[in-house]
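Hi everyone, thanks for coming. Let me put it on the screen.

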Amino acid sequence: MIKITDLEKYYRTEEVETIALNKLSIEVKEGEFVAVMGPSGCGKSTLLNILGLLDDPDGGSFVFNGIEVAGFNERKRADLRKKNIGFVFQSFNLIDELTVFENVELPLIYNNVKAADRKKRVEEVLDNLKIMHRRNHYPQQLSGGQQQRVAVARAVVNNPKLILADEPTGNLDSSNGNEVMQLLTELNEKGTTIVMVTHSEHDARYSHRIIRMLDGHSVTENILI
Amino acid sequence: MIKNFFKVAFRNLLRNKGFSFINISGLAIGMASAVLIMLWIQNETSYDQFHEKKDRIYEAWNKAEFSGKLQCWNTTPKILARSMEKDIPEIERSVRVNWPSNFLFSIGDKRLTVKGNIVDTGFLQMFSFPLVKGDPKTALNDGSSIVLTQTLAKKIFGEEDAMGKIIKIDNKDNFTVTGIAKDLPNNTRFNFEYLIPWNYLVRTGGDDSSWGNNSTRTYALLKPGVSIDAANGKLKSIKYQYTKDNDDKKWEMFLYPASRWRLYSNFTNGKEDGGLIDFVKLFAVIALFILLIACINFMNLSTARSEKRAKEVGIRKVVGAQKQSLVSQFIGESVFLAFIAGIFAIIIVQLALPAFGELTDKKLFVDYTDYKFWIYAIGFVFFTGIMAGSYPAFFLSSFNPSKVLKGTFKSANALITPRKLLVVLQFTFAIILIICTTIVKQQIDHARDRESGYAKDNLVYHYLTGDLEKNYELVKDELLSSGIAKSVTKTSAPLTQGWSDSWGFNWEGKPADDKTDFDRYVADENLGATAGLTFIKGRDFDLKKFPTDSSAMIINESAAKVMNFKDPIGQIVKDDDRPYHIVGLIKDFILQSPYYPTKPMIIEGAKNGWFSVMHIKLNGANNTADNLKRMEVIFKKYNTEYPFDCKFVDLEYAAKFKTEERTGTLAAIFAALTIFISCLGLFGLATYMAENRIKEIGVRKVLGASVTGITTLLSKDFLKLVMISFVIASPVAWWMMHQWLQDYPYRVAIQWQVFAFAGLLTFFISLLTVSYQSIKAAIANPVKSLRTE
Ligand SMILES: Nc1ncnc2c1ncn2[C@@H]1O[C@H](COP(=O)(O)OP(=O)(O)O)[C@@H](O)[C@H]1O
Ligand SMILES: [Mg+2]
C-alpha cells in the first residue's frame, strides 16, 4: 500500500537547514499495523505528515496504492487524503466550536455524503466507541480519553484504508491509553492499515512491526509477529 | 456544509464578543456612512431623469463672447420658443418657463406669497409631473387656469376639493384651479407650487419679442429618432436670421440635454468644465474609503486572530477540506458578519437621515417598499463582506496543516507587514481629513473675520412689494418719527447682493481700451448712515440739503484708483450718457463674496430710479422684537395686501459661508468617523498583541522590566505606523488644500502648525488607544501569565 524510496525532507530557516528525513525507505503492506519509534526530533512526525499527504517530500519517491504521489499539488493531495486517510493526533485536535457529533461528521461533509447517511454513520461510530451519550458536548467538556476517542471516531468515520496516529496515547493516562490502543487493534483486525508513531514500548507491542528511526533514517525493524 | 460553516461562524461570533463588537460596529458605521453618501449621490445623479421623455428633452442655452471669453447661460429670449418650433423641423415642441417674482395669492381673506412658474401650455405634456386631478393635456389651455401642487392646494383649501375654486393673484386677476399636481420629487430642478399659463404674461404686457432680452428658460422636445446635431446646426445662428444686430459677440445658441443639466452644466470658456459631477466623484471616493477603512479592521483582526483559527484550518484540511472550500467558508463568515452589520447600518442611517438631510439641504429618504432598495442592500452586504473577507480568507486558508497542528505555528507579533500597510492606509486617510477639516475651518474664519466695511447690526431690509414703492415716503417718515428706525434708505438691491455691474462708464481721462467692470448700486439718500459706511472724503447723499444729489455719485476706493482721480470729489462720471457728479469717496465694503477682493463700485443717486429694496437701520435702544412688531403695524397700514417680510442683513451675510461651512462640517464628520473606526481597529490589534505576548511580558517582568518599559515596548510599534502615516498624509493633504484654496482669492496661507496639530492629535488618540491594552498587560501579575500552559 505504501512504498517510499530514498525519501528526503529538509526544513530551511534563515540560519539553518535541518534534514528531517534522509533517504528514508520504508514499505507498508495493506492490513499491516506498523509502529514507528525513535528519539524526539528524528523525523517521525515529518514522515507521518508525508504519508498523510499533508506535506510534500523534497526528494525520493512515494507510491501510494500504486500511484506515484510525490509532487502532487495541494488539490490532488487533499482529494486523495479525504477519501483514504484518517488521522489521530497526540493533542486530539478537535474543533472547539463544534460538538462531538459535528466534529465526527466533518470528514463526511467534505466527502459530500448526504445528511441522512451522515447521521447514520456518525451515530454508528459513536455507538461503537461508546461516546454516543456525549454527542452534544463540546470538546472542552470531555476528559482527555474521551476526546481521543472522538478523534479516533472522526478518523474512522469515513472508513479510510489507512490510519495515521501520531503518539495517540501521549497525552493520556495508561488506562485511557490502553483503551485507545484496543480501539486501533480492533480497527486493524477489520482490515485498516495503521501507521502509529509512539514513544511507548508497551504501545508498540500492539503492532505487527516496529520501525526504529534515527536522524531521519530507518535503522532497524523488529517484526513482532 | 453551509450549515456547518454558519454554526462555526455564529459560535465564533458569540465566543469573541469583544472582537465581534469591534468588527460589527466598525462595519456598521462604515456601511451607514457609505449608504448615506450613496443616497446623496443617487439623488444628485437622478435629477430630472424621471421624465418619460427625458432622452428627448433639451434646454436652450446661449454662448457668446465677452471680453475675450466665451460665456454660456440659459436664459433666453421669449421669442425663441416659437421661432425654434417654426424653423427647426427636428423640434416637436418648445416650452418656456418663466418665474414671476413671488405672487400674492388671495383666497377670501387668506393671503400668502407662493413661488411658481409661468409656462407654455405644453409644459405638463413635456415633463412628467403627474396630475392627481385634471388633464395634463388641457389643464393649462385656458388663460386664467392655474395648477396647484397637492401641498399648496391643501394649504389653501384644506380638505375641500380645490378643483374649480377661484384664486385671486396680485389683487388683480382671478384664476380657476384646473389641475392638482403631485408634489414635486426631491430630484428635480423645478421648484414650483403652482403653474399658470403663458397667456397671463401676454395679457399683462410681460411678453415681448425682443431677441436682446434674455429673460426666460426655453425647453425643447425633439421628435423621436432625430439627430440632435442636426437640430443644433440649425439653431446655432437663429438669432441672426431675425435681427440685424451685428454685435461682434459670435452669439450662438445650442440645445443642452436633460441628462447633463444637473451635474455638468458648469461652463468655462464655452466648454463643460467640472460641475457638480466633481463633488459626486469626490464623495463616491470618500464613501469607498470609509467602507474600506471599516473593512481593514475586519481584515486586520481576522488575520491577527489567525492563531486561534489556524488549528481549525489545519483540522479541516486534515479531514479533507480543499483550500477553495475554506476560502468560501471564511468569505461566507465575513458576509454573515456584514449582514449583521448591515442591519445595524440601516438603523444608523434611519437615525442619521434627518441631520444628514439638513446638512445636505435635501429631503432624503430610503424607500423601503422599493424592491430595488433590497436588491442593492443585499448586493452591498455581499460587496462589503467580500471586500472585508477575501484577504483574511486567502491568508487563513493557506496555512499548512502539518505546521499549525504541531504547534510550531505562532503569530507572535500582531503587526506583520500587510497588516502594517493597512493600518498606515487607515491613518493616512484620517490625518488627511483632519488637516483638511482644520484648513477649511481656518479659511471660513479668515473670511468671516474679514472687515465687511459696513455695520450689519440692527440693519434690516424689505423688498418694495405692492404699495411700498408708492407709499415709501410715508412709511419712512413714520418709521423715523416713531423712533423705530434711525435711518432709512431706498436702494437698488440688498446690501449683501450685487444685482448690477457694468463697464459702460465714462470719465475724464479714461483710457480707450479700459474695460473695467464696476459694481453698480443705487441709493436715494443717507446710505452712509443706514449702512454705516466709512467716508474717506466728501459726504453722504442728502436730498433735503442738496436736491441735486439725485444725480450725485459715491464711489469706493478701488473705483477711485481705477479712475485715477487726484481728487474724485466734484468729478463727473457718465453711466452711458447720464452724468453723475461725485460727492463722496468711501472705503471698500463687501457687496458680494467675502472670498473675493472687493471690486470697484459706484453708487448712483435717486435719478437712476431702480429701486427695489428699502434698508432700515433699527434703533438699537429698543428691543428688536418690539421694533419688528411695531414695524409690521406700519407696513400693514401702507401695504395692506402684502405680508410683512423683513430680512436681517447680518443673517444674510452669514449665509454667504454656508457652502464652505457645509464642506467643513462634512470633512469634520468624515474625519471623526475615520479616526474612530481606525482606532477601533487599533484597539483590537493591541488587544491581540497583548494576548499573544503575555508570556513574553511575564518573563520580562520577572527579569526586572518596569511597567513603563513594557508599555513603551508594546506601544511603540503602533505609534511608528502612525508616524509613517503622518509623513505620507502631509504632502497629500497640502496638495489637496492648496488646490481647494485656489478657488478663493481671499484665502489663508497654509501653516505648518496645522500639520503639527493633526499629527499630534492623531498620535495622542492612538497612544490612548493602544496604551490602554499595553498598560493592562504590563501591570498584570506575571505569575498568572506564566502559569498558563
Ligand atoms: N516546520 C519546521 N521548521 C523547521 N524545522 C522543523 C519543522 N518541523 C520539524 N522540524 C525539524 O525536523 C526534525 C524532525 O522533526 P519531527 O519530524 O517533528 O521529529 P519527531 O516527530 O520525530 O520528534 C527536527 O529536527 C525538527 O526540529
Ligand atoms: Mg513528533
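Let's begin with B:S502, which counts as buried because its relative accessibility is 11%; buried means under 20% relative accessible area, exposed over 50% and partly exposed in between, with a 1.4 Å probe and protein chains only. Before I go on, the ground rules: this is a predicted model, where local features need pLDDT of at least 70 and side-chain atom pairs count only at pLDDT 80 or more, while totals for chains, interfaces and linings use all residues. Residues are numbered from 1 along each chain as its sequence is written, chains are lettered from A and ligands numbered from 1 in the order in which they are written, and side-chain values use heavy atoms, with hydrogens and water left out.

Back to B:S502, then. B:S502 sits in strand β19 of chain B, residues 501–502; helices (H or I, at least four residues) and strands (E, at least two) are DSSP runs, numbered from the N terminus. What does B:S502 touch? Leaving out residues up to four places away in sequence, B:S502 touches B:T516, B:D517, B:F518 and B:R520, where contact means heavy atoms within 4.5 Å.

Now the cores. A nonpolar core is a set of buried Ala, Val, Leu, Ile, Met, Phe, Trp, Tyr and Cys residues joined through side-chain atoms within 4.5 Å. The largest one has 178 residues, and those with the most contacts inside it are A:I2, A:I4, A:L47, A:L51, A:F62, B:Y454 and B:I603. The top contributor to this core is α15(B), with 16 residues. Take A:L51: beyond four places in sequence, A:L51 touches A:I2, A:I4, A:F62, A:I85, A:L164 and A:V195. There is also a second, separate core of 35 residues, including A:A35 and A:V104.

On to the interface. Chain A and chain B bury about 2,600 Å² between them, 52% of it on carbon and sulfur atoms; buried area is the accessible area (1.4 Å probe) that two parts lose on being put together, summed over both. Of the area that chain A buries against chain B, A:N93, A:E97 and A:Y110 supply 26%, more than any other three residues. The contact takes 29 residues from chain A and 28 residues from chain B.

On a 1 Å grid over the protein atoms alone, a cavity is a set of points where a 1.4 Å probe fits but cannot get out, and a pocket is an open set with protein on both sides within 12 Å along at least five of seven lines; lining residues have an atom within 4 Å of a point. Grid points are joined across faces, edges and corners, and a volume is the space filled by probe spheres set on the points.

How many cavities of 30 Å³ or more are there? The count comes to 4. The largest cavity has a volume of about 240 Å³, and among its 18 lining residues B:F298, B:S302, B:R305, B:R309 and B:E333 are closest to the centre. Here α12(B) gives the most to the lining, 5 residues. The second largest cavity holds about 100 Å³, and its 15 lining residues include A:I85 and A:R154, both among those nearest its centre.

Finally, the second largest pocket holds about 1,500 Å³. Of its 44 lining residues, B:F279, B:L282, B:F283, B:T663 and B:W740 are closest to the centre.
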